[in-house]
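Welcome! Have a look at the model before you start.

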Amino acid sequence: MSEVKVDSLVFFRSHWTAWRILGLAHHRLNSWRNLYLLYSLVMNMFITLCYPFHLGMNLFRNGSLTDDILNLTTFATCTACSVKCLIYGYNIRQVMEMERLLRLLDSRVVGQKQLNIYSQVKVQLRNVLYIFIGIYMPCALFAELMFIFKEERGLMYPAWFPFDWLNSTRYYYMANLYQIGGITFQLLQNYVSDCFPAVALCLISSHVKMLYNRFEEVGEDSEKDAEKELEACITDHKNLLELFRRVEAFVSLPMLIQFTVTALNVCIGIAALVFFVTEPMAQMYLIFYSMAMPLQIFPTCYFGTDNEYWFGKLHYAAFSCNWHPQNKSFKRKMMLFVEQALKKSTAVAGGMMRIHLDTFFSTLKGAYSLFTIIIRMRK
C-alpha cells in the first residue's frame, strides 16, 4: 500500500486559481506584476463594483413584479458577493500565514491512524465541492432558460445600462455579453468566498483529531522521551489555536454578511414563489435559488460545529495518555495544557453570531419570521 502524502495546501489550490482569475493574487507573482495589477483594477472596477451597481439602478423600476423580485434577489446576492470578495482581497496575505501553520502541522502527522483521518478529509472536501456545484448549476441553468424562453427581447437579469439596448441589436448583444461574463465572474467570487471557510475549518478539525490521537500515544513508547512528546503536542495545540484565530478573523465579517443575505433572500424567494410569481421558469429558478442560499452556509456551519466539538475534547485526550508513571514536571505541564484546553474555541461571525449549526437553523428561522411579517402585511 502506497504511503499517503500529507499536504493540506493542495486543498487551497482551486482557491488560489480562483483568486488569480479574480485579480487578488498579485503578491504571489514575480513577473508581469504591473500588467496583472492593471487587469485586477479593470476587472474589479467593471464587474465587482459596476455589476451590483447596474442591477441596483433598476430596483423596483421594472415592467413586472416578477422582474422586480428577480432584480432584488440578484442585486442583494451580487452586492454581498462583491463586498465579501473585496474583504477577502484586502486580507488575502493572511492565507499565506495559514499555509505556514498548516505546513508545521502536516509535518507532525505520523502513523496509520492519523493518515486515515487525513484520507477522510479528501472525501469530506470532495462532498463540499459537490454541494457547491449542485447548488450553482441548477440556478444558472434556470436563469438561462428564463432568458431563452422570454417572448420579447430582454436581459438575463433586469438591470440598467447607459445605452438603449432594447432598440439596438448591437447594444442588446453588448448588454447580454456583459451580464453573462459578469455573472460568471461573480459565481467564481461566490464559490471561493463560500468554499474557503468550509475548507479551512475542515482542515483545522482534522488536525485537531490527529492531535487527539498523538496525545493518546504520549508515553506509550518507552524508548521515546514522554515529556518531549508532550511538549511537541502542546506546541501543536498552540499552532492550531493560532491557525483557528487567523481563519476566524479572515472569515468573520464575510460570514456575517452571508448569514444576513441568506435570511433575506430565502424569505424573498419563498414569498415570491407563494404569492407573486406565476411563470413556470421563474418558479423553478426561485425554488432552486431558495434551496441554494442556505446550502451555501451549511458546510461552513457544519465544520464550525465540528471544530468546537473536537477542541472541546482535547483535555480528555491528555488524560488518555500514559501519564501515571511520569515525573512531576510532565504532570505539571499536562495540567497547564488541560487548563488551556478547557477554554472554549468557537468561531464567531462579526463578533456576534457563532459559525455553528445553531446559527444555520437560526438563519432559517429568521427567514421564516420575515415571511410571517409579509403575510401579515398582505392581510
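## Exercise 1: The second largest pocket

The lining of the second largest pocket divides by class into 16 nonpolar residues, 6 polar residues and 1 charged residue. Here Ala, Val, Leu, Ile, Met, Phe, Trp, Tyr, Cys and Pro count as nonpolar, Asp, Glu, Lys and Arg as charged, and the others, Gly among them, as polar.

Before going on, a word on the source: this is a predicted model, in which local features need pLDDT of at least 70 and side-chain atom pairs count only at pLDDT 80 or more, while totals for chains, interfaces and linings use all residues. Residues are numbered from 1 along each chain as its sequence is written, and side-chain values use heavy atoms, with hydrogens and water left out.

**Task.** Find which residues lie nearest the centre of the second largest pocket.

**Solution.** 
- Step 1: Start with the term. On a 1 Å grid over the protein atoms alone, a pocket is an open set of points where a 1.4 Å probe fits, with protein on both sides within 12 Å along at least five of seven lines; lining residues have an atom within 4 Å of a point.
- Step 2: The volume of the second largest pocket is about 410 Å³, where a volume is the space filled by probe spheres set on the points, and grid points are joined across faces, edges and corners.
- Step 3: Of the 23 lining residues, Cys 139, Tyr 157, Ile 183, Leu 187 and Tyr 285 lie nearest the centre.
- Step 4: H3, H5, helix H6 (169–216) and H8 are the elements that give two or more residues to this lining.

## Exercise 2: The largest pocket

**Task.** Describe the volume and the lining of the largest pocket.

**Solution.** 
- Step 1: The largest pocket has a volume of about 690 Å³.
- Step 2: Its lining holds 26 residues, and those nearest the centre are Ser 64, Asp 67, Lys 150, Arg 153 and Gly 154.
- Step 3: Two or more lining residues come from each of H3, helix H5 (112–148) and helix H8 (280–311).
- Step 4: Sorted by class, the lining has 12 nonpolar, 6 polar and 8 charged residues.

## Exercise 3: The whole protein

**Task.** Say how many helices and strands the protein has, and in what pattern they follow.

**Solution.** 
- Step 1: There are 11 helices and 2 strands. Helices (H or I, at least four residues) and strands (E, at least two) are DSSP runs, numbered from the N terminus.
- Step 2: Along the sequence, the pattern reads α-α-α-α-α-α-α-α-α-α-β-β-α.
- Step 3: Taken along the principal axes, the C-alpha atoms fill a box of roughly 85 × 60 × 40 Å.
- Step 4: Of the 379 residues, 51% are buried. Buried means under 20% relative accessible area, exposed over 50%, and partly exposed in between (1.4 Å probe, protein chains only).

## Exercise 4: Salt bridges

**Solution.** 
- Step 1: Recall that side chains of opposite charge can pair when their charged atoms come close. A salt bridge is a side-chain nitrogen of Lys or Arg within 4 Å of a carboxyl oxygen of Asp or Glu.
- Step 2: The structure holds 13 salt bridges. In one of them, the side chains of Asp 194 and Lys 84 meet at 3.0 Å, N to O.
- Step 3: Asp 194 lies in helix H6 and Lys 84 in helix H3, so the pair ties together parts that are 110 residues apart in sequence.
- Step 4: Asp 194 is buried, at 2% relative accessible area, and Lys 84 is buried too, at 1%.

**Task.** Now place the salt bridge between Arg 354 and Glu 308.

**Solution.** 
- Step 1: The closest N and O atoms of Arg 354 and Glu 308 are 3.3 Å apart.
- Step 2: This pair links distant parts of the chain, with Arg 354 in strand E2 (residues 353–354) and Glu 308 in helix H8, 46 residues apart.
- Step 3: Arg 354 is partly exposed, with a relative accessible area of 27%, whereas Glu 308 is buried, with 14%.
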